[in-house]
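Thanks for making the time this morning. I would like to take you through one structure, keeping to its ligand and its pockets.

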Amino acid sequence: MNHADDAVDRWQAADGSWLEMRQMRPDDEPRVKQSLNTLSANSRRNRFFGSIAEFSDEAVHRLVSVDPQKEYLLVVVRREDAIEIPIAGGRFVEHEKQPECTFSLLIGDAWQGQGIGRRLLKALLREASLRGLRTMRGDVLADNRPMLSLARSLHFALVDSDQGDGVVQIVCDLPDAASTSWRSFVHTVLRK
Ligand SMILES: CC(C)(COP(=O)(O)OP(=O)(O)OC[C@H]1O[C@@H](n2cnc3c(N)ncnc32)[C@H](O)[C@@H]1OP(=O)(O)O)[C@@H](O)C(=O)NCCC(=O)NCCS
């Protein structure tokens with residue numbers, strides 16, 4: 001299938017391969033399943049807060065099916081012989097009653113620590129602000145140092161979570177994209 005250029009971001013990784021960030025498409029599903037099933041136990045636990053032995057077709061379908069009015073789902077792919085291999089993803093889901101959303105990130109083990117999580121989280125923050133949302137939240141295991149330091153560096157605050165022991169919540173206030181504080185947000189957070 002031919003897709004219009006819907007890249008949100010495109011850059012070269014440390015190993016020289018070209019990576020592209022774009023919205024998830026339904027035809028990504030089989031390769032997302034393959035990528036999810038190669039994740040380490042630690043990454044599965046940090047993202048899903050439990051041990052998942054195998055991602056089934058149904059589970060993957062639920063993960064990649066979004067309502068574009070209420071959700072935003074980005075994938076980062078690496079092109080290999082004209083095939084796009086998903087290596088990372090990030091999403092937010094809007095809350096029902098408040099202008100808020102909850103995000104999550106997942107970077108493939110071999111690709112962690114190369115700035116991909118930071119790029120994805122900034123893209124999510126930008127889209128959430130442009131949609132008029134005022135708060136972004138994330139639930140994180142209290143021992144997930146990489147996620148907590150990434151969040152801290154992008155000005156998230158730490159609050160209690162209702163997700164149980166061992167889970168903390170990170171919160172970021174989003175400016176109105178039409179306000180003067182938007183420019184400072186772009187400068188101090190999105191450009192970091
Ligand atoms: C947590 C996660 C999203 C971070 O993404 P990443 O691409 O690995 O992180 P980045 O390379 O963008 O690093 C951004 C910052 O995170 C922090 N960080 C990343 N890896 C780290 C590590 N191993 N230890 C401590 N801090 C780390 C640093 O502050 C880093 O900033 P720096 O590069 O200026 O030092 C990613 O590792 C991941 O998907 N882990 C498994 C699933 C998960 O934990 N999801 C979060 C729950 S929502």
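This is a predicted model: local features need pLDDT of at least 70, side-chain atom pairs count only at pLDDT 80 or more; totals for chains, interfaces and linings use all residues.

Residues are numbered from 1 along each chain as its sequence is written, and side-chain values use heavy atoms, with hydrogens and water left out.

Let us begin with the ligand. There are 20 residues around it, and those that come nearest are Ile107, Gly113, Gly115, Gly117 and Asn144, where a residue is near if one of its heavy atoms lies within 4 Å of the molecule. Which backbone atoms lie by an oxygen atom of the ligand? A backbone N or O atom of Ile107 lies 2.7 Å from a ligand oxygen, a polar backbone atom of Gln114 is 3.0 Å from a ligand oxygen, and for a polar backbone atom of Arg118 the distance is 2.9 Å. On its own the ligand has 910 Å² of accessible area (Shrake-Rupley method, 1.4 Å probe), and the protein covers 75% of that 910 Å².

As for where the shell around the ligand comes from, the elements that give two or more residues are α2 (41-48), β5 (100-107), α4 (116-130) and α5 (145-153), with helices being DSSP runs of H or I of at least four residues and strands runs of E of at least two. The largest share, five residues, comes from α5.

Now to the pockets, by which I mean open sets of points on a 1 Å grid over the protein atoms alone, where a 1.4 Å probe fits, with protein on both sides within 12 Å along at least five of seven lines, and with lining residues having an atom within 4 Å of a point. The largest pocket holds about 740 Å³ of space, and of its 30 lining residues the closest to the centre are Asn46, Leu105, Leu106, Asn144 and Met147. Here β5 gives the largest share of the lining, six residues.

The second largest pocket has about 490 Å³ of space, and it too is described by 30 lining residues, of which Ser35, Leu36, Ala88, Gly89 and Leu106 are the closest to its centre. In this lining the largest share, seven residues, comes from β4.

Note on methods: A polar contact is a pair of N or O atoms within 3.5 Å; within protein, one must be able to donate a hydrogen and the other to accept it, and residues adjacent in sequence count only if both atoms are side-chain atoms. Grid points are joined across faces, edges and corners, and a volume is the space filled by probe spheres set on the points.
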